[in-house]
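Below is a set of questions and answers on one protein chain, written for a first reading. Have a look at the sequence and the structure before going on.

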Amino acid sequence: MPETPASPRRKPLLVSASNGARTWRLLADRDLERLAAGERARILGVLRYADGRNPAAPTPWPICDVPLSPLTRDPACIVLLGRAPTEALRIGDLTCRNDGETLFGVLADPTATAPDIGAATYQVYRTLLRVSAELGFPHLSRVWHYLPDINAAPNGLEVYQAFSIGRREALDAWGRIPDAALPAACAIGTRQPGLRVAFLTTRSPGSTLSNIRQDEAYRYPPEYGPRSPAFSRALMIPNTAGPCLHVSGTASIRGHRSRHAGRLEQQVEETLRNLDALLQPLGLSLQDAGSGTLLTVYLRHETDLAAAEALLSGALRPDVQWLFLQGEICRRSLLVEIEGIIDLLA
Ligand code: 3EB
């Protein structure tokens, strides 16, 4: 009998010992000081998660100080790294940093509250779109949105829906971004006032990914709000150090419907299936994700941490890094949302 040929390996992309292409680090903020000089020079900016009683010290980089409690380390910083040493670019009173191809910045409206989130979002998005174009990095790749009381409905309209309207109207007024090129995103609720938006934009366009298990969010039917949410399921940033995939907040949604209302374990499993389906067109599965992968996991209830962590540990390679945060998901029935950065050659 002829020997069966070894099964083809279809995954080398995510597996390599090299750290050369890494676009992120996950650190406690005291460890920012200890980053090696070479990496320190490549910092584009920081997303810092802390309970809000403990504000960030000033840094030479844009920092998005998010009042969400990390559940496994505190405070936690996601440090975004460029492919080369970065430099500051100033426009008005906003300072962004760039590496020649990618730009990072943070826009906040610190006093925005639930009733005025639509107007605040519109203004912040107008600024984001104008600034990134004026600085020469017009392609939105990834936007992080943190908004107060996301599940409240102070004017008879949910805060998340008002946010979606403000974002959509600013994009419509700008008129230059087709739906198929919308950025990867997340939108998470905090318990403090203030709209906080962090963004990555690029000189040349990235490419968006769809998810075969999920409708495009920008085509959700009106039952989820008068204007549909303007984001893509994922976006691949071309980076000379290696491609980097930004995965949007992904939840227990099939098509456009929420699944497994109130059931944590089933929601985590559905979410992992969605993430797996997202990677499928790349010839990859979640099992292939290795040390180039950072997942941020938002849990509505801190008490779900142990169960969620056990499920993730069972489904992912041990060298995947993750960060658990307590935050509110945009649909009330959802208990968990997972987003990620996957450095494909790291
Ligand atoms: C979803 O799939 C879950 O409005 O920017 C995930 C990621 C979600 C981004 C956004 C919303 C957003 O619809 C919610």
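Q: Is asparagine 239 buried or exposed in this predicted model?
A: The model is predicted, and asparagine 239 has a relative accessible area of 14%. A residue counts as buried when this value is under 20%. Asparagine 239 is therefore buried.

Q: Where is asparagine 239 found, and which residues is it in contact with, leaving aside neighbours within four places in sequence?
A: Asparagine 239 sits in the loop between strand S12 (234-237) and strand S13 (244-250). With neighbours within four places in sequence left aside, its contacts are Thr23 and Arg83.

Q: What distance separates the C-alpha atoms of asparagine 239 and leucine 311?
A: Along the chain, asparagine 239 and leucine 311 are 72 residues apart.

Q: Which core has Leu311 among its residues?
A: The largest nonpolar core has 73 residues, and those with the most contacts inside it are Tyr49, Leu80, Trp144, Tyr146 and Tyr298. Apart from that core lies another, and Leu264, Val268, Leu311 and Val336 are among its residues.

Q: Is phenylalanine 137 buried or exposed?
A: Phenylalanine 137 is placed in the loop between helix H2 (117-134) and strand S8 (139-148). Its relative accessible area is 0%, and the cut-off for burial is under 20%. Phenylalanine 137 is therefore buried.

Q: How many residues apart in sequence are phenylalanine 137 and asparagine 98?
A: Not counting residues up to four places away in sequence, phenylalanine 137 touches several residues, including Leu89, Asn98, Thr201 and Arg203. From C-alpha to C-alpha, phenylalanine 137 and asparagine 98 are 9.1 Å apart in space. In sequence, their separation is 39 residues.

Q: Where is glutamate 39 placed, and is it buried or exposed?
A: Glutamate 39 has its place in helix H1 (residues 37-40). Leaving aside neighbours within four places in sequence, glutamate 39 is in contact with Arg25 and Leu81. Because its relative accessibility is 15%, glutamate 39 counts as buried.

Q: What is the phi value of aspartate 149 near?
A: Aspartate 149 lies in the loop between S8 and helix H3 (159-174). With a relative accessible area of 33%, aspartate 149 is partly exposed. Its phi is positive, in a residue other than glycine, and is near 50°.

Q: What is the phi value of histidine 260 near?
A: The loop between strand S15 (257-258) and helix H4 (264-279) holds histidine 260. At 26% relative accessibility, histidine 260 counts as partly exposed. Its phi, a positive value in a residue other than glycine, is near 60°.

Q: What radius of gyration does the protein chain have?
A: The secondary structure of the chain comes to 5 helices and 18 strands, and its C-alpha trace spans about 70 × 45 × 40 Å along the principal axes. A compact globule of 346 residues would have a radius of gyration near 20 Å. The protein chain agrees with this, at 19 Å.

Q: What share of the contacts with a separation of 6 or more is between residues 24 or more positions apart?
A: Buried residues make up 57% of the 346 residues in the protein chain. Of the contacts with a separation of 6 or more, the share between residues 24 or more positions apart is 78%.

Conventions:
Residues are numbered from 1 along each chain as its sequence is written. This is a predicted model: local features need pLDDT of at least 70, side-chain atom pairs count only at pLDDT 80 or more; totals for chains, interfaces and linings use all residues. Side-chain values use heavy atoms; hydrogens and water are left out. Helices (H or I, at least four residues) and strands (E, at least two) are DSSP runs, numbered from the N terminus. The radius of gyration is taken over C-alpha atoms; the globule rule is 2.2 Å times the number of residues to the power 0.38. Buried means under 20% relative accessible area, exposed over 50%, partly exposed in between (1.4 Å probe, protein chains only). Contact means heavy atoms within 4.5 Å. A nonpolar core is a set of buried Ala, Val, Leu, Ile, Met, Phe, Trp, Tyr and Cys residues joined through side-chain atoms within 4.5 Å.
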